[in-house]
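Please look over the sequence and the model shown here, and read the report that follows beside them.

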Amino acid sequence: MNELLKNIRITINEGIYLKDPESSKLGKRIIEDGILLIDELGFDNFTFKKLGDRIQSNESSIYRYFENKHKFLVYLTSWYWGWKEYQLVFATVNITNASEKLTKAIEILTRRVEQDQLFSHINEVALSKIVINEYSKSYLTKEVDNENKEGYFVIYKRLSGRLKTMISDVNSDYPYPASLASTIMAGSLHQHFLIDHFTSLTDCNASTSPSQYFIHLTSTLLNS
């Protein structure tokens, strides 16, 4: 099983990058150090020049992989949601009870991220902080409709669709499964942000996790 898991690869829309960063050592370094640098500086202060200095490579070499830093962010966030999708599918595939499957799915999507040793060049903890703080910048742009048509957000939408199906499997009469699914996914990021920055705006804390909140919310809605 461990050997099988080592071969897992998160597939990203080819339109997001110019050259697959997974295809070379330099590409993997761009991803690895890019995540750490955005986590340190924030996306607004991040530049390819700073990344080039960090990895001791020309700025132009990074542009051979990504057209601009916006697409770099779209790539990173797409990878994150693909990784979450892999976790969700792997953890729920053998669960037959619909309620148990949904609970497990919500837990996976909303829990605090821990390092995954299967992907040695990806710091998932740092990447999760980027997603919490910066994900909205990947789609709150004038180009969002065109990028959506090009499939840039297909992984996020597919993952939300999986959750929507699980919600309907628990209660087929519930009229808002898509809205609830997207609320759980986006709301989870917001709750983690509030825990770190605006504690008075959330009931989630060291003893009450976002997972507990969203499991309770979903259960209450679907069983009412």
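Thr77 has its place in helix H5, which covers residues 69–92, where helices are DSSP runs of H or I with at least four residues, numbered from the N terminus. With a relative accessibility of 2%, Thr77 counts as buried, a word that here means under 20% relative accessible area, while exposed means over 50% and partly exposed lies in between, with a 1.4 Å probe and protein chains only. When its neighbours within four places in sequence are left aside, Thr77 is in contact with Val131, Tyr135 and Ser138, contact being heavy atoms within 4.5 Å.

This is a predicted model, in which local features need pLDDT of at least 70 and side-chain atom pairs count only at pLDDT 80 or more, whereas totals for chains, interfaces and linings use all residues. Residues are numbered from 1 along each chain as its sequence is written, and side-chain values use heavy atoms, with hydrogens and water left out.

Helix H5 also holds Lys71, a residue that is buried at a relative accessible area of 14%. Not counting residues up to four places away in sequence, Lys71 touches Gly15, Ile16, Phe66 and Tyr152. Lys71 and Tyr17 lie 54 residues apart in sequence, yet their C-alpha atoms are 7.0 Å apart in space.

How many aromatic pairs does the structure hold? There are 19 aromatic pairs, where rings of Phe, Tyr and Trp (its six-membered ring) pair if their centres lie within 6.5 Å, and where planes under 30 degrees apart count as stacked, over 60 as edge-to-face and the rest as tilted. Phe48 and Phe72 make one of these pairs, and because their planes stand at 80°, with ring centres 6.0 Å apart, the pair is edge-to-face. This pair links distant parts of the chain, with Phe48 in helix H3 (residues 48–55) and Phe72 in helix H5, 24 residues apart. Phe48 is buried at a relative accessible area of 3%, and Phe72 is buried at 0%. Another edge-to-face pair is formed by Tyr174 and Tyr176, at 5.9 Å centre to centre and 85° between the planes. Here Tyr174 counts as buried at 15% relative accessibility, whereas Tyr176 is exposed at 52%.

Ring pairs also join Trp79, Tyr80, Trp81, Trp83, Tyr86, Phe119, Tyr135, Tyr139 and Tyr156 into a cluster. Elsewhere, the charged end of Lys69 sits over the ring of Phe43, 4.6 Å from its centre; for this, NZ of Lys or CZ of Arg must be within 6 Å of the ring centre and within 35 degrees of the ring normal.

The spaces in the model were found on a 1 Å grid over the protein atoms alone: a cavity is a set of points where a 1.4 Å probe fits but cannot get out, a pocket is an open set with protein on both sides within 12 Å along at least five of seven lines, and lining residues have an atom within 4 Å of a point. Grid points are joined across faces, edges and corners, and a volume is the space filled by probe spheres set on the points. In the table, Ala, Val, Leu, Ile, Met, Phe, Trp, Tyr, Cys and Pro count as nonpolar, Asp, Glu, Lys and Arg as charged, and the others, Gly among them, as polar.

| Space | Volume | Lining by class |
|---|---|---|
| Largest pocket | about 310 Å³ | 10 nonpolar, 4 polar, 2 charged residues |
| Largest cavity | about 50 Å³ | 7 nonpolar, 2 polar, no charged residues |
| Second largest cavity | about 30 Å³ | 5 nonpolar, 3 polar, no charged residues |

The largest pocket is lined by 16 residues, and Tyr135, Ser136, Tyr139, Tyr156 and Ala186 are those nearest its centre. Helix H10 gives the most to this lining, with 5 residues.

A search of the whole structure finds 2 cavities of 30 Å³ or more. Thr77 returns in the lining of the largest cavity, together with Ser78, Trp81, Tyr135, Tyr152, Phe153, Val154, Ile155 and Tyr156. Among the residues that line the second largest cavity are Ile12, Asn13, Ile16 and Ser78.

Finally, Gln56 is found in the loop between H3 and helix H4 (59–63) and counts as exposed at 77% relative accessibility. Its phi is near 55°, a positive value in a residue other than glycine. Most residues other than glycine have a negative phi.

Technical notes. Helices (H or I, at least four residues) and strands (E, at least two) are DSSP runs, numbered from the N terminus.
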